[in-house]
Amino acid sequence: MPAIEALGHGIHAIDTGFVRPYFDASHLVVERGRAAFVDVGTNFSVPGLLAALPAVGLASDAVDYVIVTHVHLDHAGGAGEMMRLLPQAKLVVHPRGARHMIDPRRLWAGASAVYGEEVMLRNYGTLVPVDPTRVIEAPDGFTLELGGRPLLFLDTPGHARHHFCIWDEASRSMFTGDTFGLAYRELASERGRFVMPTTTPVQFEPEALVASIDRLVGYQPQAMLLTHYSRVTEVERLADELRHQISELATLGRAVDGTPDRAARLRQGVRELVNGWVRDHGTPLPQLAIDAVLDVDIELNAQGLESWLDRDKR
Ligand SMILES: [Zn+2]
């Protein structure tokens with residue numbers, strides 16, 4: 001049974017078990033006995049997520065919607081398998097992501113180019129296609145009713161162009177996927193939670209990401225619900241940190257662009273920036289433990305900055 005946390009207003013955070021404990025969350029929203037998952041981890045997360053339903057008093061046919069904030073595989077890799085096992089549910093996805101859920105071959109090939117085929121199979125398993133008649137595309141401003149509770153979809157490019165966030169007026173909270181960055185619990189300090197942006201390949205756009213963050217903050221949320229990992233408050237402070245960090249990453253990218261050892265300089269530069277942010281935050285962990293939490297994200301952020309710089313030239 002995965003770790004399940006009740007966050008109030010019928011919202012639960014469920015650990016998908018991907019990578020390590022409290023790395024990757026799925027959120028379950030329940031209203032009048034009807035339920036929706038927001039992000040579902042990978043194929044290997046699905047049994048745990050389905051086991052969480054009876055644990056919170058629901059039958060599996062209570063799930064009306066499987067919502068994916070974007071189609072990156074730590075959020076949507078399990079969506080097809082989930083839909084196979086929940087035959088009454090509809091999949092809700094950004095219009096730019098829908099075709100990748102219906103035919104996941106391109107998604108698979110794209111992710112394989114980043115991670116390699118062997119790692120892909122081990123981490124994600126084989127992606128299951130979703131019947132197009134069960135897919136709801138949610139453009140900007142789209143409202144979904146879950147048991148009568150409105151969920152508002154906001155187009156939020158910057159991390160990915162197929163990313164939306166979901167405003168839940170009932171709890172005054174925002175499901176942010178990866179748009180509001182990563183806030184691993186291990187890195188919290190006396191100052192509160194540590195946050196940093198994720199610039200993973202291949203659609204990072206710094207200006208768009210800051211605009212999306214500004215738009216989210218404009219709703220004056222009481223909390224942001226991040227996929228990595230779950231509920232944060234102090235929305236204004238965290239948004240300020242993200243804006244500053246995104247600007248530093250973009251400045252680094254532009255400074256080393258055109259140099260022959262750009263890739264190595266980016267890796268080194270991202271590592272120095274991230275370590276500086278963690279140090280300034282006062283995270284009381286030894287460097288080795290901090291590295292264990294952030295090594296993969298530092299590598300992916302460096303790769304994502306490279307694809308941004310290359311795309312900018314085309
Ligand atoms: Zn992502």
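## Pocket and cavity: how they are found

On a 1 Å grid laid over the protein atoms alone, a pocket is an open set of points with protein on both sides within 12 Å along at least five of seven lines, whereas a cavity is a set of points where a 1.4 Å probe fits but cannot get out; residues with an atom within 4 Å of a point count as lining. Grid points are joined across faces, edges and corners, and a volume is the space filled by probe spheres set on the points. The model is a predicted one, in which local features need pLDDT of at least 70 and side-chain atom pairs count only at pLDDT 80 or more, while totals for chains, interfaces and linings use all residues. Residues are numbered from 1 along each chain as its sequence is written, and side-chain values use heavy atoms, with hydrogens and water left out.

## The largest pocket

The largest pocket has a volume of about 940 Å³, and of the 40 residues that line it, H72, L73, A111, Y115 and P201 lie nearest its centre. Two or more lining residues come from each of α2 (73-76), α4 (98-102), α5 (105-115), α6 (117-124) and α10, where helices (H or I, at least four residues) and strands (E, at least two) are DSSP runs numbered from the N terminus. With seven residues, α10 gives the most to this lining.

By residue class, the lining of the largest pocket divides into 20 nonpolar, eleven polar and nine charged residues. Here Ala, Val, Leu, Ile, Met, Phe, Trp, Tyr, Cys and Pro count as nonpolar, Asp, Glu, Lys and Arg as charged, and the others, Gly among them, as polar.

## The cavity

A search of the whole structure finds one cavity of 30 Å³ or more, and the volume of the largest cavity is about 50 Å³. The residues lining the largest cavity are A76, G77, A79, G80, M101, P104, L107, L127, V128 and V130, which divide into eight nonpolar, two polar and no charged.

Just after α8, G258 takes a positive phi of about 90 degrees. The axes of α8 and α9 come within 10 Å and cross at roughly 155 degrees, and these two helices are therefore roughly antiparallel to each other. Axes are lines fitted to C-alpha atoms, for helices over the stretch in contact, and angles run from 0 to 180 degrees between N-to-C directions; those under 35 degrees count as roughly parallel, over 145 as roughly antiparallel, 65 to 115 as roughly perpendicular and the rest as oblique.

Helix α9 (residues 262-281) also packs with helix α10 (residues 287-313), at an angle of about 130 degrees and with their axes 8 Å apart, so α9 and α10 are oblique to each other. The residues of this contact divide into eleven nonpolar, four polar and nine charged.

## Backbone features in loops

Most residues other than glycine have a negative phi, and most peptide bonds are trans. A cis peptide bond, with omega of about 5 degrees, joins P201 and V202, and V202 lies in the loop between β11 (173-177) and α7 (206-218). Another cis peptide bond joins H228 and Y229, with omega of about -10 degrees; Y229 is placed in the loop between β12 (223-226) and β13 (230-232).

Although H9 is not a glycine, its phi is positive, at about 55 degrees, and H9 is found in the loop between β1 (4-8) and β2 (11-15).
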